[in-house]
Amino acid sequence: MKSKFICEELNIGTATATDWASFCREVCQDILTWRSGKIGGPGIVVEIDESKFGKRKYNRGKRVVGRWVFGGVERGSNNCFFAVVENRTSEVLLSVIKEHILPGMTVMSDCWSSYECLSNEGFVHLAVNHSLHFVDPDTGAHTNSIGGTWSAIKRNLQGTNHVKGQFDSYMATYTWKRKHSTAQSRMESLLYMIKEVYPPRSKDKRKSREKREPNKISNFLNICSHF
């Protein structure tokens, strides 16, 4: 939902809506950090790629000022990972790959030189030369799934007034949305994640807090009731 719609529906200020949105994104980021399981499995292909997020300098030309994001997606599922990286060297990308992809998986990529080490690291690596083909005619390798994912993420971020310094949380939120596609599953998941990140206090402490902050508690329950 857009902030303007939330403010109108709940009769709250822009600053309050922004704070709650930041809070929800931070919860997504915490959960993804704690549950950073590896993707892949028997017979599963993982596509990997990097993309730069930002704006063209002076709104012209090809130079983009922003941050590099490295990601991978499983074909045929919503399992994925995205990581903001400082550079695209083989050392940096390989460390992310080992953290997020099961060993021995079939990994498809473009011909970026940093991926040349994958075959020596126990992965089945297939590459496609995008200057010649979208799909390699010999191996059938392509990165159409991850390419489409970049487009979807950038469309999702368009028109959003991003909070400075929280880019990682926006990426985490996209990953969470990808795994929970319906409004009901998102709401259930969000409340469960909040409970996990901020475990409920004991009954005595909760009553004491409610006495101290009755308006804050009622406002939160009011927000939840509108979903």
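How many aromatic pairs does the structure hold? In this predicted model, the structure holds 8 aromatic pairs. In one of them, the ring centres of Phe-70 and Phe-81 are 5.9 Å apart and the ring planes stand at 65°; planes over 60 degrees apart count as edge-to-face, so this pair is edge-to-face. Phe-70 belongs to strand β2 (residues 64-74) and Phe-81 to strand β3 (residues 80-85), so the pair ties together parts 11 residues apart in sequence. Both Phe-70 and Phe-81 are buried.

Aromatic residues also form a cluster, made up of Phe-53, Phe-82, Trp-150, Phe-167 and Tyr-174. Two arginines lie over aromatic rings. Arg-25 is placed over the face of Tyr-170, 4.1 Å from the ring centre, and the charged end of Arg-88 sits over the ring of Trp-68, at 4.0 Å from its centre.

The chain as a whole contains 8 helices and 5 strands, which follow one another along the sequence in the pattern α-α-β-β-β-α-β-β-α-α-α-α-α. Of the 227 residues in the chain, 33% are buried. The accessible surface of the chain is about 14,200 Å², and carbon and sulfur atoms account for 51% of this surface. Among contacts with a separation of 6 or more, 54% are between residues 24 or more positions apart.

Helix α3 (residues 90-100) has Leu-93, Leu-94, Val-96, Ile-97 and His-100 as its buried residues. These residues cover an arc of only 160° around the axis, which puts them on the same side of α3. An α-helix has 3.6 residues a turn, so residues three or four places apart point the same way.

Conventions. Residues numbered from 1 in each chain as written. Predicted model: local features only at pLDDT ≥ 70, side-chain atom pairs only at ≥ 80, totals over all residues. Heavy atoms only, no water. Buried < 20%, exposed > 50% of the residue type's maximum accessible area, 1.4 Å probe, protein only. Helix = DSSP H or I, 4+ residues; strand = E, 2+ residues; numbered from the N terminus. Arc of directions from axis to C-beta. Contact = heavy atoms within 4.5 Å. Areas by Shrake-Rupley, 256 points an atom, 1.4 Å probe, with all protein chains shown as cover. Phe/Tyr/Trp six-rings, centres within 6.5 Å; stacked < 30°, edge-to-face > 60°. Lys NZ or Arg CZ within 6 Å of the ring centre and 35° of its normal.
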